[in-house]
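Colleague: I would like to learn how to read a model like this one, feature by feature. Could we start with a single residue and then widen the view?

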Amino acid sequence: ATGVQLWTLHRYKGLEFSHVLVVGLGDNRHPRPVPLDLASDEVAVEAHQAHEQALLFVACTRARDTLWMSGFGQAAV
């Protein structure tokens, strides 16, 4: 299909595109902060962080030819 398609990070799995632009990275958008009710559970925190990393990885690997990434604020390390 021609034109621009908008998807959330959750909808990318199994799809492939010539060009992908991942926007909105940083400052509590992605990676999303750990929910307060999980903050004291080390295993839950690690699972949350792994899930956030996996979402971004899937989004980035959907690009066949070109990947652009855009963010704002403080970079998450």
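Colleague: Where is the place of Leu 6 relative to S1?

Modeller: Leu 6 sits in the segment that comes before S1, and as we go on please keep in mind that this is a predicted model.

Colleague: Does Leu 6 count as buried or exposed, and why?

Modeller: The idea is to look at relative accessibility, where a residue counts as exposed over 50%. Leu 6 has a relative accessibility of 81%, and therefore it counts as exposed.

Colleague: Which residues make up the largest nonpolar core?

Modeller: For a core, one looks for buried nonpolar residues joined through their side chains. Here the largest such core has eight residues, namely Leu 9, Tyr 12, Phe 17, Val 20, Val 22, Leu 25, Leu 55 and Ala 59. Strand S1, residues 17-25, and helix H1, residues 42-60, each supply at least two of the core residues, and S1 gives the most, with four.

Colleague: What does Leu 9 touch, leaving aside residues up to four places away in sequence?

Modeller: With those sequence neighbours set aside, Leu 9 touches His 30, Leu 55 and Ala 59, and of these partners Leu 55 and Ala 59 are also listed in the largest nonpolar core.

Colleague: How should I read the chain as a whole, and what pattern does it follow along the sequence?

Modeller: One begins with the order of the elements, which in this chain is β-α-β, made up of one helix and two strands. Then one asks how far apart in sequence the contacting residues lie: among contacts between residues at least 6 apart, 71% join residues at least 24 apart. Along its principal axes the C-alpha trace spans about 45 × 25 × 15 Å, and buried residues make up 22% of the 77 residues.

Colleague: What about the surface and the charges?

Modeller: The accessible surface comes to about 6,100 Å², and carbon and sulfur atoms account for 56% of it. There are 6 positive and 8 negative side chains, with the centres of the two sets lying 13 Å apart.

Notes. Residues numbered from 1 in each chain as written. Predicted model: local features only at pLDDT ≥ 70, side-chain atom pairs only at ≥ 80, totals over all residues. Heavy atoms only, no water. Buried < 20%, exposed > 50% of the residue type's maximum accessible area, 1.4 Å probe, protein only. Contact = heavy atoms within 4.5 Å. Areas by Shrake-Rupley, 256 points an atom, 1.4 Å probe, with all protein chains shown as cover. Lys, Arg positive; Asp, Glu negative; His and termini not counted. Charge placed at Lys NZ, Arg CZ, Asp CG, Glu CD. Core = buried A, V, L, I, M, F, W, Y, C linked by side-chain atoms within 4.5 Å.
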